[in-house]
Number of protein chains: 2
Amino acid sequence: MDKCPFCNILSGKLEGTIVYQDEICTAILDIQPINPGHILVIPNQHIPDLASLPPDTGKQLFAVGQKLAASLRLSSVQCTGVNLFLADGKAAMQDVFHTHLHVIPRFEEDGFGFTFSPRYAELPTRDELEEIGFHLKEALKIVQKQEEQN
Amino acid sequence: MDKCPFCNILSGKLEGTIVYQDEICTAILDIQPINPGHILVIPNQHIPDLASLPPDTGKQLFAVGQKLAASLRLSSVQCTGVNLFLADGKAAMQDVFHTHLHVIPRFEEDGFGFTFSPRYAELPTRDELEEIGFHLKEALKIVQKQEEQN
């Protein structure tokens, strides 16, 4: 057995309900669904996080997630909304370190929701936003340069 | 003024902090951030939901979100995790009906989290998962056929 549960499902060592598969990614049903029909779209390769996810693989995860969102609405699940969610890093609530995009069917008043820090009510000023924006744009230049070099 | 706040930012009628822009999409800072540095990646066209989002535009939203996630980690925001989140439909907590991908910087114990329905603790049986999976695959065939016809 592999340490990664998703790799074990992909290799057939662990039971899983596969709803979609192509050369790049596979979609399986979450065994602890937020609502019935909760899907995980995973790359076929063991890719732990966003930093090591090839951009084209990321694009395909989203494209498949979008198709599955439409399928959930059309299927017997009959949800009226869908959340796409990806957790990157322990601080972001990532549990399995094989990157995965959640496709979560949603219903009115289904009991799923967010809790926020009390700080959430304090809105930033335009100056604060602009300062963060400036630093982000600087960091993005570095990220884009790194991408060009790869 | 347009009814859509994002369209007003894109046309310059409303102030916004733009951190990235290309021919397909634009990234702006959320004015009510879950954590400082919270970004929204939006299509340049007014596209209300996933059903009307061209797949290539969706792919670009994700690719830009991934780049910005790396930028957040590198920048002065210095987060240790990132969430990507998209709400499609009112039941899924969509607030602005110009589809947008949240890129949320995360920190250990930052106070952001989930609430679940009590039903969340009840795990489905393998048979229940397989039945949902069967119906989902049937619906996916229809979605893929529609996509081929477009």
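This is a predicted model: local features need pLDDT of at least 70, side-chain atom pairs count only at pLDDT 80 or more; totals for chains, interfaces and linings use all residues.
**Around B:H102**

- B:H102 sits in strand β5 of chain B, which covers residues 101-106.
- Its side chain makes a polar contact of 2.9 Å with the side chain of another histidine, B:H38.
- Leaving out residues up to four places away in sequence, B:H102 touches B:D30, B:H38, B:I39, B:L40, B:N83, B:L84 and B:F85.

**Strand β2 of chain B**

- β2(B) spans residues 25-29 and is mostly covered, with 5 of its 5 residues buried.
- Which residues of β2(B) point one way, and which the other? B:C25, B:A27 and B:L29 go one way, while B:T26 and B:I28 go the other, and all of them are buried.

**Who β2(B) pairs with**

- On one count, β2(B) pairs with strand β1 of chain B (residues 18-21) in the antiparallel sense, over 3 bridges.
- Within that pairing, B:Y20 has B:A27 of β2(B) as its bridge partner.
- β1(B) and β2(B) make a hairpin, with 3 residues between them.
- β2(B) is also joined to strand β3 of chain B (residues 39-43), again antiparallel, through 5 bridges.
- Here the bridge partner of B:I28 is B:L40 in β3(B), and B:L40 is also one of the residues that B:H102 touches.

Technical notes: Residues are numbered from 1 along each chain as its sequence is written. Chains are lettered from A and ligands numbered from 1 in the order in which they are written. Side-chain values use heavy atoms; hydrogens and water are left out. Helices (H or I, at least four residues) and strands (E, at least two) are DSSP runs, numbered from the N terminus. A polar contact is a pair of N or O atoms within 3.5 Å; within protein, one must be able to donate a hydrogen and the other to accept it, and residues adjacent in sequence count only if both atoms are side-chain atoms. Contact means heavy atoms within 4.5 Å. Buried means under 20% relative accessible area, exposed over 50%, partly exposed in between (1.4 Å probe, protein chains only). Two strands pair if DSSP finds at least two bridges between them.
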